[in-house]
Amino acid sequence: MRILHVSSVYPPDVTGGAEIVVEMLAEAQARRGHQVGAAYLARAAEPARSRHGVTILPQATRNLLWIDDVFRQPRLLRTANKIGQLVNYRAASDFSRAIAAFRPDIVHTHSMVELPPMVWDRIADSGAKSVHTLHDYDLLCSRASLFRDGKNCEGLHASCRVTAQWKARFARRIDAVAAVSRPVLDTHHRFGLFHGLTSERARVIWNAVPAAGTGPRERLTNHGPFVFGFLGRLVPEKGIDTLISACRALPPDGWRLKVAGRAQEGDSAYREKAAGLPIDFLGFTEPQAFLRSIDVLVVPPIWREPFGLTVIEAFAQGVPVIGSRIGAIADLVATIDDDWLVPAGDPEMLAARMKRALTQGREALPQASAFSPVLTAVSVERMLDGYDALYGSVLAREEAA
């Protein structure tokens, strides 16, 4: 099978988890014997080449701003850049030529935040079949998060309605979709997208997580105070404020909280909020080493996380997770034990669950074997099998026609 992946960027340029998944999927498909390519935006024109079995097709960006530079620019320029992305017919033509050069059976699109939705028209016109992975809420929300002013969006704001309607006009030509979690697929359905696709062509395929490949490790036996951990960006939607507030209700001693992650504008506000508590702010920390140093990871987002990479990474190290009952976090944690979930944004309930873990002690924590079912479900082979089946359903339908 000839498969061309299309994404806003591709490693070594990385802005989030989607690009890492695209590279992992593309290289694994090449090892499985498929002919695989990747077309994506680059700062400047670069020649096509092969890397790790994948044909790399960089396309010079046609946007006003490069993705890494957007947040340093004035708001008016950022808005102009966003509008330009949506109607960038020159970029659509560039990717049309890449598709023609590679001659794929399947064009698999991913994070499209920097790309015009007209690409889906060009795919359909080329005769190839299109599969799109819903990594987030980009088709619905200009921020891709459905989160604004400290709360989840139950409807679409005016600006998002306009952009969502424009994208939906072209998304109708997508042949099949895969969502990285059930909440992501359900949310798109709730807003009217992809109802025309059968369950065979609109399914959930969890991202693979390399750390899960060897199965769960036995948790290290830590000594001294019971250690809770937080791993991720220090932003309100990740629930760091809820966690610090919960810590105020814990006993004065016998525990610590390690916070691994950075805030875009510095962590001074969070340090001030945590004053007097046994909380250590570590900045960026290598995840595996960090997880080996804690007893329980706390993942308390107040927004609908599309996928829970940190949850999987913790399970791979044999570390249990107290998580919010929202988005993909709820799906992942409940697979182990629903008792480890608490309502999102509720510091009292979070504190109560943390106290219980603290009181019961390390001896009562789940054994590493408890995490095996989830880790098996996010193996690279499982993800490959899922996409092979999805591609096959689209191509079989074409042959039958």
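Modeller: First, a term: two strands pair if DSSP finds at least two bridges between them. Strands (E, at least two residues) and helices (H or I, at least four) are DSSP runs, numbered from the N terminus. The model is predicted: local features need pLDDT of at least 70, side-chain atom pairs count only at pLDDT 80 or more, and totals for chains, interfaces and linings use all residues. Residues are numbered from 1 along each chain as its sequence is written, and side-chain values use heavy atoms, without hydrogens and water.

Biologist: OK, what's the strand order in the open sheet of 8 strands?

Modeller: The order is E3-E4-E2-E1-E5-E6-E9-E10, with mixed pairing. Strand E3 (49-51) and strand E10 (202-204) are the edges, each pairing on one side only. From one strand to the next, the twist averages 25 degrees.

Biologist: In what sense do E9 and E10 pair, parallel or antiparallel?

Modeller: Parallel, over 3 bridges; E9 covers residues 176-179. Ala-178 has Arg-203 in E10 as its bridge partner.

Biologist: Which strands does helix H1 touch?

Modeller: H1 (residues 17-31) packs on the sheet and touches E1, E2, E3, E4 and E5. Contact means heavy atoms within 4.5 Å.

Biologist: Switching topic. Is Leu-384 buried or exposed?

Modeller: Leu-384 has a relative accessible area of 3%, so it is buried (under 20%; exposed is over 50%, partly exposed in between; 1.4 Å probe, protein chains only). Leu-384 lies in helix H14 (residues 380-400).

Biologist: And what does Leu-384 touch?

Modeller: Leu-25, Ala-28, Gln-29 and Arg-32, leaving out residues up to four places away in sequence.

Note on methods
Axes fitted to C-alpha atoms, helices over the stretch in contact; angles between N-to-C directions.
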